[in-house]
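The text below takes the ligands in turn.

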Amino acid sequence: MFETCFIPRHVLVAGGCGFIGSNLVRYIVREHPDVAVTVLDKLTYAGNPENLSGIPGENLRLVVGDICDAELVGRLVAEADAVVNCAAETHNDNSINDPTPFLDSNVRGTFTLIDACRLRGVRYHHVSTDEVYGELTLDDPHRFNEDDPYRPSSPYSSTKAASDLLVRAWARTYGLKATISGCSNNYGPYQHVEKFIPRQITSLIDGERPKLYGDGRNVRDWIHVDDHSSAVWGILTLGRLGETYLVGAGSERNNLSVLREILSAFGRAEDDFDWVRDRPGHDRRYAIDASKLIRELGWKPVHVDFSAGLFDTIEWYRSNEGWWRVAKRETEARYAAMGF
Ligand code: NAD
Ligand code: DAU
C-alpha cells in the first residue's frame with residue numbers, strides 16, 4: 001500500500017449516465033459522501049439519466065454535453081480536481097456497423113478531456129478495457145498483464161487502444177497526472193440491453209429465444225460492476241501516476257455456459273436458444289492477471305460468486321422492466337437491421 005493518498009473533493013465523471021459510469025457515481029456517493037460529483041454525459045442511446053435515480057442529489061450534478069466540446073469540457077474540468085472518463089461508444093457490434101462515432105467519442109473525446117486536464121493540472125483517470133490486448137487462445141496459460149503488447153481487433157477496441165496511447169503520451173510528454181485501468185467484461189444492474197447478459201435475460205423475460213454467436217466457446221472474464229468501481233476509486237486515490245492497472249475477478253466462462261445458467265434460472269431447456277452467425281473478428285478469449293492491482297493497492301473483488309451475481313442481475317432486470325423496455329425494442333430493431 002502507498003503512504004500517500006489523493007482524496008478528490010470534486011470529481012467530474014464523464015459518461016456517468018452509462019452502465020459503468022452510473023454505478024461508479026453510486027459507489028462514490030455511497031462510500032465518500034463528502035466528495036462532490038459532476039456528471040458530463042451526452043445521453044447517447046446508451047446514456048440514461050434514470051441510471052442516476054435514487055442517488056442522493058445534494059452533492060451530485062448532471063450536465064448534458066459532449067466530451068468533444070472543448071469549451072464546455074474546459075469549464076467543467078476547471079471546477080474539478082479529478083476527472084474519471086467513462087464516456088465512450090462501447091459496443092463492438094455497433095463499431096463494426098459504423099465506426100465513426102467511436103473515432104469521435106473515444107479518440108477525439110479523450111484528447112479533449114486530457115488536454116483540458118493538462119492545461120489545468122487536474123488528475124485524470126482513464127477507464128479502458130482488456131480488449132486493447134486482442135485475444136488469447138482457449139488453451140493459452142497466459143492471462144493479460146500490463147506489459148502485454150496492444151493488439152486490438154475491432155474498430156471499438158482499436159479506438160480504445162488509441163485513447164490509451166494518447167493518455168500515455170500526455171503523461172510522458174506533458175506530465176499529465178494520469179492513470180489507466182483496463183477491465184474485463186462487467187455485468188450487473190443498469191447494463192444496456194445490447195450487451196450479452198442483459199440481452200439474453202430480457203429476451204427470456206419476453207419469452208424469446210436467446211442468440212448465441214459462433215460456436216459459443218468464446219471466453220470472457222466476468223467481473224461485477226461494483227468491483228470495477230472499487231478498483232477505479234482505488235487507482236484514482238492510491239495508484240501511481242503514469243501507470244496502467246488491469247482489473248479482473250478471475251471468473252473466466254465461455255458464452256455457452258453463461259447462457260445455460262441464465263436459461264436454467266428461467267426454467268428453460270439448455271438448448272432453447274438460436275445459434276446465429278458469428279461477429280466478424282470475434283475475439284476468442286480474454287483473461288486478466290490483476291496481481292499488480294492486488295499487490296500494489298490492496299484491491300480485491302467482493303462479488304466472487306459469479307452465479308450469485310448473475311442471479312441478482314436476473315432479478316434486477318425482472319424488477320425493472322420499465323427501465324429497459326424501450327431500449328429493448330430499439331436494440332432488437334438495430335440488431336435486425338445489422339443482420340446479427
Ligand atoms: P455505456 O455504453 O453503457 O455508457 C457510455 C456512456 O458514455 C453513455 O452514458 C453515453 O451517453 C456516454 N457518452 C458516449 N459518448 C459521449 C460523448 N461524446 N460525450 C459525453 N458522453 C458520452 O458504456 P459502459 O459499458 O458503461 O463503458 C464505460 C467505459 O468502460 C468505456 O470506456 C468502456 O470502454 C469501458 N469498459 C467497459 C466494460 C464493460 O464490460 N461494459 C469493460 C471494460 C471497460
Ligand atoms: O472485455 C471488456 C469489453 O466487454 C468492453 O470493453 C466492452 O465495452 C463490452 O461491450 C464488452 O465487450 P464484448 O464484446 O466482450 O461484450 P458483448 O456483451 O458484446 O459480448 C460478450 C460475448 O457474448 C462475446 O463473445 C459476443 C457474445 N454475444 C454477444 C451478444 C450481444 C453473443 O453470443 N450473443 C449476443 O447476442
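**Two ligands and their shells**

In this predicted model, helix 1 (19–31), strand 5 (123–129) and helix 5 (155–174) each supply at least two residues of the shell around ligand 1. Strand 5 gives the most to that shell, with three residues.

The shell around ligand 1 holds 28 residues, and the closest are I20, D41, T90, Y156 and K160. By class, the residues of this shell are twelve nonpolar, twelve polar and four charged.

Several side chains place a polar atom close to an oxygen atom of ligand 1. For D41 the distance is 2.6 Å, and for Y156 it is 2.6 Å. For T90 the distance is 2.7 Å. On its own, ligand 1 has 840 Å² of accessible area, of which the protein covers 97%.

Ligand 2 is surrounded by 25 residues, the closest being T129, D130, Y156, R279 and H282. Helix 6 (196–205) and strand 8 (211–213) each contribute at least two residues to the shell around ligand 2. That shell divides into seven nonpolar, ten polar and eight charged residues.

An N or O atom in the side chain of H282 lies 2.6 Å from an oxygen atom of ligand 2. The corresponding distance for R199 is 2.8 Å, and for Q200 it is 3.4 Å. The protein covers 94% of the 690 Å² of accessible area that ligand 2 has on its own.

Notes
Residues numbered from 1 in each chain as written. Chains lettered and ligands numbered in written order. Predicted model: local features only at pLDDT ≥ 70, side-chain atom pairs only at ≥ 80, totals over all residues. Heavy atoms only, no water. Near = heavy atom within 4 Å. Polar contact = N/O pair within 3.5 Å; in protein donor to acceptor, adjacent residues only side chain to side chain. Areas by Shrake-Rupley, 256 points an atom, 1.4 Å probe, with all protein chains shown as cover. Helix = DSSP H or I, 4+ residues; strand = E, 2+ residues; numbered from the N terminus. Nonpolar A, V, L, I, M, F, W, Y, C, P; charged D, E, K, R; others polar.
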